[in-house]
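Open the model in your viewer and keep the selection tool at hand.

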Amino acid sequence: MGLIQGKIPMRVKLIHGFGAVAFGVKDGGFLFFLLFYYSQVLGMDAGLVGLILLAALLIDAVVDPIIGYMSDRTYTRWGRRLPWLYAAPIPLAVIWILLWSPPGGVAPSPLGLLGIMVGVRVLLSACEVPSVSLVPELTSDYQERTTLFRYRYLSGWMGGILMMVLAYTVFMPGENGLLQQDGYPAYGYFGAVLMAIAVLGSAIGQHHIVANLPETKPAPFSLRDAFSEIFEAFSEKAFLIFAAGGLAAYISQGMTFSITNFLNIYVWQIDRVSFDWAPNWLNGLTAYPFVLGVSVVGMFILVGPMHNRFGKPKSAALSAVIAITFGLFPYFLYLGGLWPAIPSLASTALFFGFTIFANMFGVVLMISATSMLAEIVEAFEERTGRRAEGSFYSGNWLVQKCATGFGAAITGQIIAFSQLEQGADPAAVEFGVLYNIIITFAIATIALGLIAAFWLGRFPITREQHEARIAARAVQQNAQKE
C-alpha cells in the first residue's frame with residue numbers, strides 16, 4: 001500500500017512536483033535552444049548536432065535501466081530514492097554550465113560535445129528516475145497518482161517556461177537576440193542553480209515521509225541479474241504497449257520542441273511583432289512562453305475530468321488527435337494562402353490561439369501516458385512478487401530520452417534538407433525553404449501522432465482492474481499480518 005492513504009496533502013503535491021523543475025529546465029534547454037545554439041550561433045552543422053544528440057541517447061540507453069535497477073535495490077535508512085536525490089544534483093549543475101559555456105567560447109569537438117551531453121543525461125536520470133519512482137510508493141490510488149503527475153508536469157513546464165522567458169528577455173533579448181552568443185553562459189548558470197535547488201528542495205521536503213528502511217534487503221548487486229530483471233520488467237505486455245505509443249508521442253514532442261524556434265522565427269516571425277500597449281521587452285517571441293503557460297494551466301484543469309470520464313488510455317488517444325489538428329492547421333492555412341500577413345499582430349494572435357489548444361492536449365497526452373505507467377508496477381508485482389518502480393520509470397525515461405533525441409535528430413535533418421543557411425535573415429528566406437520545413441514537419445507529426453493514439457488507446461489496464469488488484473493486495477497483506 002502507498003505511504004499516504006486517502007487524499008495527498010497539498011504540501012506534498014507541491015514539494016514532490018517541485019523536483020520536476022530540473023527536468024523542465026533540461027528539456028527546455030535541450031529541445032528549444034541547444035540545436036539552435038550549436039548550429040546557428042556556434043556554427044556546427046545542424047545535422048551533425050542532431051546525430052550527436054542521438055548518439056548520446058544510445059549510450060544513455062545502457063545506463064538508464066541500470067540506474068533504475070540500482071535505485072530499486074538501494075537499501076539505506078533514508079529509503080531507496082533519497083540517496084540518489086542528494087548525490088546527483090550538484091554534479092548535474094556543474095556539467096550543465098559546461099554545456100552552455102564551452103571552453104574558449106567555441107564549439108567543442110563532436111566527441112567533446114558527445115561527452116558533455118552524455119554526462120548531463122546520465123546525471124539527470126539519477127535525479128529524475130528516483131524522484132518519479134516515488135509516485136507509486138507515495139500512493140496506490142488511481143486518481144491521486146494522476147494528481148501527482150499533474151503537479152510534476154505543471155512544475156516541469158513552469159521551470160522550462162521560466163527559462164524561456166529569461167532567455168528571451170534577460171539573457172538573449174531583442175531582435176535576433178538568439179543569434180548572439182553572449183547570453184548563453186548566463187542562461188546555463190541560472191539553469192544550473194535552479195535545477196540543484198529543485199531536486200534538493202524536493203528531496204528534503206519529502207524526507208520525513210519516505211526516509212524509511214525498505215521492508216526487505218535486496219541481494220548483492222550483480223550486473224547479470226540486473227539485466228535479467230530489467231529484461232523481465234520490460235517484457236511486461238502492458239509496458240510494451242505503453243512503450244510503442246509513448247515512443248511515437250515522445251519523438252513527436254522532441255521534434256516539435258526542437259523545431260519551435262526555427263518555425264517561430266523563420267515562418268511566423270513572431271520576434272518582429274510588438275504590442276503598442278505593452279512594455280518594450282514584450283514582443284511576439286517573449287510572449288510565447290506565456291502562451292505555453294496558459295496551455296499548461298488549461299491542461300492542469302482538464303486532465304483530471306478527462307481521466308474521470310474517459311480513463312487514461314482513451315484520454316491519451318483523443319488528445320493525440322486533437323493536438324495534431326490544432327498544431328498543424330495554421331501551417332495548412334499558411335500554405336493555402338489563407339493566413340494573415342506575416343509578420344503582423346493578427347498572424348501572431350491567431351497562431352497563439354492554435355498553439356494554446358495544441359500544446360494543452362499535447363501535455364494531456366503525455367500525462368495520460370506517464371500516469372499509466374504507475375499501474376504497471378502492481379501488475380508486475382502480482383505476476384512476479386517484486387516491485388520495480390525504478391526499472392519501469394527508467395524504462396519510461398529511456399523511451400522518452402531516446403524518442404526526444406530521435407525527434408531532435410529529425411529536426412536536424414529537416415533543417416539540413418531545407419538548406420536553411422546559418423544565421424539567415426528571416427525576412428529574406430525563400431518560400432521554398434520554408435515549404436520544405438513545413439511539409440516534412442507535418443508528415444512526421446501526423447504519422448507519429450496517429451501511431452501514439454493507436455497504441456496508447458489500447459493500453460490494457462483499466463481503472464477497475466487496477467483498483468481490484470490493489471484491493472486484493474490489501475487483503476493479502478492483512479492476512480499475512482494476522
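Start with the whole protein. Of its contacts with a separation of 6 or more, 85% join residues 24 or more positions apart; contact means heavy atoms within 4.5 Å. This is a predicted model: local features need pLDDT of at least 70, side-chain atom pairs count only at pLDDT 80 or more, and totals for chains, interfaces and linings use all residues. Residues are numbered from 1 along each chain as its sequence is written, and side-chain values use heavy atoms, with hydrogens and water left out.

Colour by secondary structure. There are 15 helices and 0 strands. These are DSSP runs (helices H or I, at least four residues; strands E, at least two), numbered from the N terminus.

Now colour by burial. Of the 482 residues, 62% count as buried. Buried means under 20% relative accessible area, exposed over 50%, and partly exposed in between (1.4 Å probe, protein chains only).

Select residues 10-18, helix α1. Which of its residues are buried? They are Val12, Lys13, Ile15, His16 and Gly17. Show α2 (21-41), α6 (110-138), α7 (142-171) and α8 (184-210) as well: the cover over those buried residues includes these helices.

Next, select Phe329 in helix α11. Phe329 is partly exposed, with a relative accessible area of 41%. Two elements, α11 (284-335) and α14 (431-456), each give two or more residues to the patch. α11 gives the most, with 3 residues.
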